[in-house]
Amino acid sequence: MDLQSRVQPVLKVAREHAHAVDADGRFPQEAVSALRASGLLGLTLPTDVGGLGGGPSELVEVVSLLAGACGSTSMIYLMHVSASMPVAAAPPAGMPRLLEDLASGRSLASLAFSEAGSRSHFWAPLSRATTTRDGIHINAKKSWVTSAGHADVYIISTGTADAETVDLFAIPAKMSGLSVDRPWSGMGLRGNSSSPMTINVDTSEEFRLGAAGGGFDLMMGSVLPWFNLGNSAVSIGLSRAAVDAAVSHTVGTRLEHLDQSLSALPTIRAQLAKMSIDLANASAYLDQAAARVADPQDDTPLFVLGSKASSNDAALRITDAAMRVCGGAAFSEHLQIDRYFRDARAGHVMAPTSDVLYEFYGRAITGRPLFDAPEAAVETRETASTGAAA
Ligand SMILES: Cc1cc2nc3c(=O)[nH]c(=O)nc-3n(C[C@H](O)[C@H](O)[C@H](O)COP(=O)(O)OP(=O)(O)OC[C@H]3O[C@@H](n4cnc5c(N)ncnc54)[C@H](O)[C@@H]3O)c2cc1C
């Protein structure tokens with residue numbers, strides 16, 4: 001079955017419920033059920049575990065289409081894919097059927113990385129996994145977990161006992177010691193259920209992904225590329241929906257006393273043109289980034305960093321302009337442009353945030369390490385090129 005035949009029925013359901021999901025701030029159960037049935041939860045997983053074997057370009061295509069229909073559904077989907085990829089890279093021995101369940105739609109997954117203490121710096125969890133007589137105990141305050149209370153399994157990060165590095169664990173939702181701290185109420189992505197969670201569980205190394213201390217590499221190698229491309233695609237899908245709605249409204253709405261449409265105003269047309277070009281640029285950059293992840297080159301890490309920041313910020317500009325050209329009509333909810341505007345605010349604060357990505361990108365092109373290490377922080381391209389000691 002081709003991708004479109006899988007995705008179109010999901011889009012129909014997601015579109016039908018998107019307004020109510022946003023207005024009521026409720027989890028998009030109907031669209032998530034359609035996703036489970038579509039096979040798309042296994043889009044990027046290998047065919048030998050029942051996945052579709054899709055790559056970065058397929059992910060970008062599906063996520064951007066979903067975002068145009070329902071932003072909340074697209075982010076829930078993206079968190080599932082982002083949680084599935086480290087499982088595929090390092091399946092936990094204690095859950096031998098997990099990959100098949102993630103691929104078939106039996107299990108919806110999410111990522112619980114961000115913590116109350118280290119905030120958007122997900123690579124530095126303050127929680128600790130401590131060794132007990134019976135196994136491993138994890139105590140963590142997670143600040144935002146998409147699909148909280150709805151996912152079947154959470155991939156959680158925690159610091160190792162010596163605080164040197166990070167571990168990832170697969171924690172089934174039914175395990176005792178997981179609690180959702182309060183209901184989600186966001187300005188956008190209101191159906192996400194991105195609530196804080198407290199994790200106070202006894203587990204064992206069988207539920208860890210990979211070797212002890214391997215979590216940081218999994219975050220960077222198996223989560224970040226997929227999350228950044230998909231998050232970028234959410235921004236592109238929301239932007240495209242905003243451009244389409246703005247063009248359609250300004251072409252179809254008349255200033256009757258002048259006998260002309262709103263789009264007859266040159267200022268409106270110029271704004272529409274800028275939005276459309278902004279979208280085309282960000283979208284082309286994302287397509288290049290997806291191609292670079294599928295076929296890695298030396299500059300692939302730059303594309304992974306840059307495409308999320310570029311699309312997130314383009315979405316802020318584009319949805320803001322859509323609000324402006326559609327006037328008071330956009331301020332009311334019947335055009336749904338207000339929803340795209342509110343949903344688009346999430347991308348740039350989702351970690352790695354756009355500001356952090358600019359910082360990382362800037363470090364990379366000026367020859368600095370992404371993360372400060374005491375002995376490496378002073379290394380610069382200038383000192384390297386003059387041969388001076390760092
Ligand atoms: C809708 C939604 C869903 C989410 N879902 C999940 C999820 O499923 N799982 C999960 O783990 N997390 C999730 N998050 C959390 C997200 O990934 C971020 O951790 C969170 O949004 C950061 O918010 P904060 O207030 O802690 O930001 P802060 O860390 O307090 O940042 C505040 C500001 O400082 C800037 N800043 C911080 N550090 C730097 C730096 N080094 N350089 C430059 N600027 C910097 C940031 O860019 C930001 O503008 C979600 C967030 C949202 C909004």
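In the UniProt record, an unreviewed entry, residues 213-365 are listed as "domain: Acyl-CoA dehydrogenase/oxidase C-terminal", with positions given in the numbering used here, a shortened feature name and an annotation that may be inferred rather than shown by experiment. The structure is a predicted model, in which local features need pLDDT of at least 70 and side-chain atom pairs count only at pLDDT 80 or more, while totals for chains, interfaces and linings use all residues. Residues are numbered from 1 along each chain as its sequence is written, and side-chain values use heavy atoms, with hydrogens and water left out.

The span 213-365 is 80% helix and 3% strand, and its end C-alpha atoms lie 29 Å apart; here helices (H or I, at least four residues) and strands (E, at least two) are DSSP runs, numbered from the N terminus. Aspartate 259, although not a glycine, has a positive phi of about 55°, and this residue is placed in the loop between strand 8 (254-255) and strand 9 (260-261). A cis peptide bond, with omega about 0°, joins alanine 351 to proline 352, and proline 352 is found in the loop between helix 10 (337-349) and helix 11 (354-365).

Over residues 14-105 the chain is 66% helix and 0% strand, and the end C-alpha atoms are 17 Å apart.

Helix 4 (residues 71-89) and helix 6 (residues 215-252) have axes that come within 9 Å and cross at roughly 165°, where axes are lines fitted to C-alpha atoms, for helices over the stretch in contact, and angles run from 0 to 180 degrees between N-to-C directions. The two helices are therefore roughly antiparallel to each other, a term applied to angles over 145 degrees. Their contact (heavy atoms within 4.5 Å) involves, among others, Met75, Leu78 and Met85 of helix 4 and Trp226, Phe227 and Val234 of helix 6. The residues of this contact divide into twelve nonpolar, six polar and no charged, with Ala, Val, Leu, Ile, Met, Phe, Trp, Tyr, Cys and Pro counted as nonpolar, Asp, Glu, Lys and Arg as charged, and the others, Gly among them, as polar.

The structure holds 13 salt bridges, each defined as a side-chain nitrogen of Lys or Arg within 4 Å of a carboxyl oxygen of Asp or Glu.

Technical notes:
Parallel < 35°, antiparallel > 145°, perpendicular 65-115°, else oblique.
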